[in-house]
Amino acid sequence: MKIGILGLANSGKTTVFNALTGLDLPVTVYASVEGEPHVGVVNVPDHRVGRLSEIYEPKKTTYATVEYIDYLGITRGDLKQNRKVFDMVKDADAILHIVRVFEDESVAHPLGGVNPERDADTVEMELVLSDLELVEKRLERMEESRKRGKKPDEQERKVLLRCREALEEERPLRAIELSDEELKTLRHLQFVTLKPEVMILNLGEDQLDDERVGDLIHSLEERFSSPVIPLSGKIEMEIAQLEEDEQRGFLQDLGITEPGMTRVIQACYRHLGLISFLTVGKDEVRAWTIKKGTPAVEAAGKIHSDIERGFIRAEVVSYEDFLRAGSMAVAKQEGVVRLEGKTYEVRDGDIINFRFNV
Ligand SMILES: Nc1nc2c(ncn2[C@@H]2O[C@H](COP(=O)(O)OP(=O)(O)OP(=O)(O)O)[C@@H](O)[C@H]2O)c(=O)[nH]1
Ligand SMILES: [Mg+2]
């Protein structure tokens, strides 16, 4: 899964990126205006993978991963500059929108002062404008080719007109109802407001138990229908640099139950409707990410297209049943290993062995 980080300049994007990846890229008090995007890949925390790995002692243990990209800030009213950022996150599966809440005189605010609601609106507006421009260009191009005698794709035109209407009303495309068919028609345009979004409130060290934060979360969640996660980028970044056992202690002292790294990934999984299934063996224990509702045959295709093509059956046992049994042999004796067909809907934590024939 790939997650693009967006937000105004100096909202703490790189700080949060460091917190989420454990990397240590320089953060600056001035706004970055150019440079290369930062990419960081992290394992999706999953205690089941660790436990299964202890049992199987495989040669290789592979967690699902998330890739974060951090780039420039969004500038109000500069579509050309913003296009660079949107192009960068075009193929991301989700957007992480960083909103500055922390107060710090020494860190300039591009709009003059800290105001999270206005900032969130500003960024969302730029996203909407960018998609609106894409829609209009596309419609123009379709019109031109119609004049040249080419028959336009009526289905695409119809859905684009609906998109334009929503965007003109300042609504993101994720807020309108689109069928799978329509989504497919739009896919090539890679709209940024179609991507699921999670918002991060980047709190100052002194704002962790500020009660106004609760109201702010509520208000933003209502307005943008995106989950909002409060975290202190700066503290979490410092904690992310520590060894794991040291991290626990620091978090406890601060009354933080889970590090931001975990909370953000969990929120994204929940919001995107993602789950994991597991494969086990002496060679490898591994977690695979799929959408909730994925049939077994498609899940098999995640591993290899041959397994999808030659799919015969899936041997499935839930992680809990497997742990209770203690081994695959006992699980089979106890009858908790089921044989499932192509259409079986894979569940979170299913341990699967695919039988296939190529
Ligand atoms: N006090 C405080 N300062 C923060 C926090 N998060 C970020 N900062 C500071 O704000 C400044 C900008 O942080 P960055 O992470 O570089 O912000 P950015 O959004 O990546 O900025 P650009 O890439 O330039 O747009 C740095 O000096 C950070 O140390 C925070 O939670 N508290
Ligand atoms: Mg930055």
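The protein chain exposes about 18,700 Å² of surface, and carbon and sulfur atoms supply 47% of that area. Keep in mind as you read that this is a predicted model. Along its principal axes, the C-alpha trace of the chain spans about 65 × 65 × 35 Å.

Now let us look inside. The chain has 358 residues, and buried residues make up 48% of them. Its secondary structure comes to 14 helices and 12 strands. How do contacts link parts of the sequence? If you take the contacts in the chain with a separation of 6 or more, 69% of them are between residues 24 or more positions apart.

**The ligand and its surroundings**

How many residues surround ligand 1? There are 23 of them, and the closest are Gly-12, Lys-13, Thr-14, Thr-15 and Ser-32. Sorted by class, this shell holds 9 nonpolar, 10 polar and 4 charged residues.

On its own, ligand 1 has 650 Å² of accessible area, and the protein covers 94% of it. Which elements give two or more residues to the shell? They are helix H1 (13–21) and helix H8 (233–240). The largest share, 3 residues, comes from H1.

Is Cys-163 buried or exposed? Its relative accessibility is 0%, so Cys-163 counts as buried. Cys-268 also counts as buried, because its relative accessibility is 0%. As for sulfur–sulfur links, the structure holds 0 disulfides.

**A closer look at Ala-325**

Ala-325 is found in helix H13, which covers residues 319–325. Why does Ala-325 count as buried? The cut-off for buried is under 20% relative accessible area, and Ala-325 has 13% relative accessibility, so Ala-325 falls into that class. Which residues touch Ala-325? Leaving aside neighbours within four places in sequence, Ala-325 is in contact with Val-330, Ala-331 and Glu-334.

**Two residues with positive phi**

Finally, find two backbone angles in the loops. Phi of Gln-190 is near 50 degrees, a positive value in a residue other than glycine. Gln-190 has its place in the loop between helix H6 (180–186) and strand E6 (197–202). With a relative accessibility of 32%, Gln-190 counts as partly exposed.

Where does Ser-225 lie? Ser-225 is in the loop between helix H7 (212–224) and strand E7 (228–231). Is Ser-225 buried or exposed? The cut-off for exposed is over 50%, and Ser-225 has a relative accessible area of 58%, so Ser-225 is exposed.

How values were computed
Residues are numbered from 1 along each chain as its sequence is written. Chains are lettered from A and ligands numbered from 1 in the order in which they are written. This is a predicted model: local features need pLDDT of at least 70, side-chain atom pairs count only at pLDDT 80 or more; totals for chains, interfaces and linings use all residues. Side-chain values use heavy atoms; hydrogens and water are left out. A disulfide is a pair of cysteine sulfur atoms within 2.5 Å. Buried means under 20% relative accessible area, exposed over 50%, partly exposed in between (1.4 Å probe, protein chains only). A residue is near a molecule or strand if one of its heavy atoms lies within 4 Å of it. Accessible areas come from the Shrake-Rupley method with a 1.4 Å probe; for residues, only the protein chains shown count as cover. Helices (H or I, at least four residues) and strands (E, at least two) are DSSP runs, numbered from the N terminus. Ala, Val, Leu, Ile, Met, Phe, Trp, Tyr, Cys and Pro count as nonpolar, Asp, Glu, Lys and Arg as charged, and the others, Gly among them, as polar. Contact means heavy atoms within 4.5 Å.
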